[in-house]
Amino acid sequence: MVKKTRDRFIEVARSLFARKGVENTTMNDIAAASDKGRRTIYTYFKSKRDIFNAVIESESVDLLRNLEEIVSKTISPEQKLREFVHTRMETMREIVSRNGSLRAGFFRDVRKVDRARTVISKKEIKLLMHILHEGVALGVFEVPSIKEWAIVITNSIQGFDVPYIRNSLTEYGIDKSDMSRMIADMILYGVKKRD
């Protein structure tokens, strides 16, 4: 029952955020639309930011599941890295595109985006570390500090979210698929072992 009530609040908040925007949605709105009292919502969430982060976290479940699938595949570390980059960027585009207010906030408020990213960044870093470890163990990657490189690579990929989602590099002749491939190449050639 507890999980059901919490999940209901998250679903209602997601819907209200998409329709009205995060800024224009109150905790009272979420409680009322959930057919629950205001006190009940505060049992599960301390603030609107807390419920917004829960919405982001629930949206990130698909992303993390897709990335975990790639890590567990029996393909080369190079291919895993390529698929990781493409899947991460495409899934983020889908998440942002289907959530109206998230989309608006994503392009407008960098701090809000960074706060939302912290929910999943650590998990992305750990998954990327698995790929880098595997590549080093097989002798195809040369990475002096796997954790530091995973952090930098994750943040680099995140830096391309907005241009990828907006497909804003087409004026330079670079579409989303080119961009995804080029980012993967840039990362791959940075970690690939040189003879």
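Me: Is Val22 buried or exposed, and what is its relative accessible area?
Reply: Keep in mind that this is a predicted model. Val22 sits in the loop between helix 1 and helix 2 (27-33). Buried means under 20% relative accessible area, so Val22 counts as buried, with a value of 8%.

Me: And how far apart in space are Val22 and Arg49, C-alpha to C-alpha?
Reply: In sequence, Val22 and Arg49 are 27 residues apart. In space, C-alpha to C-alpha, the separation of Val22 and Arg49 is 9.1 Å.

Me: What elements does the chain have, helices or strands, and how many?
Reply: Going from the N terminus, the elements run α-α-α-α-α-α-α-α-α-α. That leaves zero strands, and the helix count is ten.

Me: What share of the contacts between residues at least 6 apart join residues at least 24 apart?
Reply: For background, the chain has 195 residues, of which 44% count as buried. Among contacts between residues at least 6 apart in sequence, the share joining residues at least 24 apart is 68%.

Me: Which geometry does the pair of Phe9 and Phe45 have?
Reply: The structure holds three aromatic pairs. The rings of Phe9 and Phe45 have centres 6.5 Å apart and planes at 80°. Planes over 60 degrees apart fall in one class, so this pair is edge-to-face.

Me: Where in the chain do Phe9 and Phe45 lie, and how many residues apart are they?
Reply: Both Phe9 and Phe45 are buried. Phe9 belongs to helix 1 (residues 2-20), while Phe45 is in the loop between helix 3 (38-44) and helix 4 (48-72). The pair thus links distant parts of the chain, with a separation of 36 residues.

Me: Which residues touch the most other members of the largest nonpolar core?
Reply: That core has 33 residues, and helix 4, helix 5 (77-98), helix 7 (110-137), helix 8 (146-159), helix 9 (161-166) and helix 10 (176-191) each give two or more of them. Apart from it lies another core of 17 residues, among them Ala13 and Val22. In the largest core, the members touching the most others are Leu81, Leu132, Phe141 and Ile157.

Me: How do helix 8 and helix 10 run, roughly parallel or roughly antiparallel?
Reply: The contact is made by Trp149, Ile153 and Ile157 of helix 8 with Ile183, Ile187, Gly190 and Val191 of helix 10. The axes are 11 Å apart at an angle of about 165°, and the crossing is right-handed. Angles over 145 degrees share one label, so helix 8 and helix 10 are roughly antiparallel.

Me: Is Asp35 buried or exposed?
Reply: Asp35 lies in the loop between helix 2 and helix 3. Its phi is positive, about 60°, although Asp35 is not a glycine. With a relative accessible area of 68%, Asp35 is exposed.

Me: What phi does Asn167 have?
Reply: Asn167 is in the loop between helix 9 and helix 10. At 26% relative accessibility, Asn167 counts as partly exposed. Asn167 is a residue other than glycine, and its phi is positive, near 55°.

Notes:
Residues numbered from 1 in each chain as written. Predicted model: local features only at pLDDT ≥ 70, side-chain atom pairs only at ≥ 80, totals over all residues. Heavy atoms only, no water. Phe/Tyr/Trp six-rings, centres within 6.5 Å; stacked < 30°, edge-to-face > 60°. Helix = DSSP H or I, 4+ residues; strand = E, 2+ residues; numbered from the N terminus. Buried < 20%, exposed > 50% of the residue type's maximum accessible area, 1.4 Å probe, protein only. Core = buried A, V, L, I, M, F, W, Y, C linked by side-chain atoms within 4.5 Å. Axes fitted to C-alpha atoms, helices over the stretch in contact; angles between N-to-C directions. Parallel < 35°, antiparallel > 145°, perpendicular 65-115°, else oblique. Left-handed = near helix turned anticlockwise from the far one by under 90°. Contact = heavy atoms within 4.5 Å.
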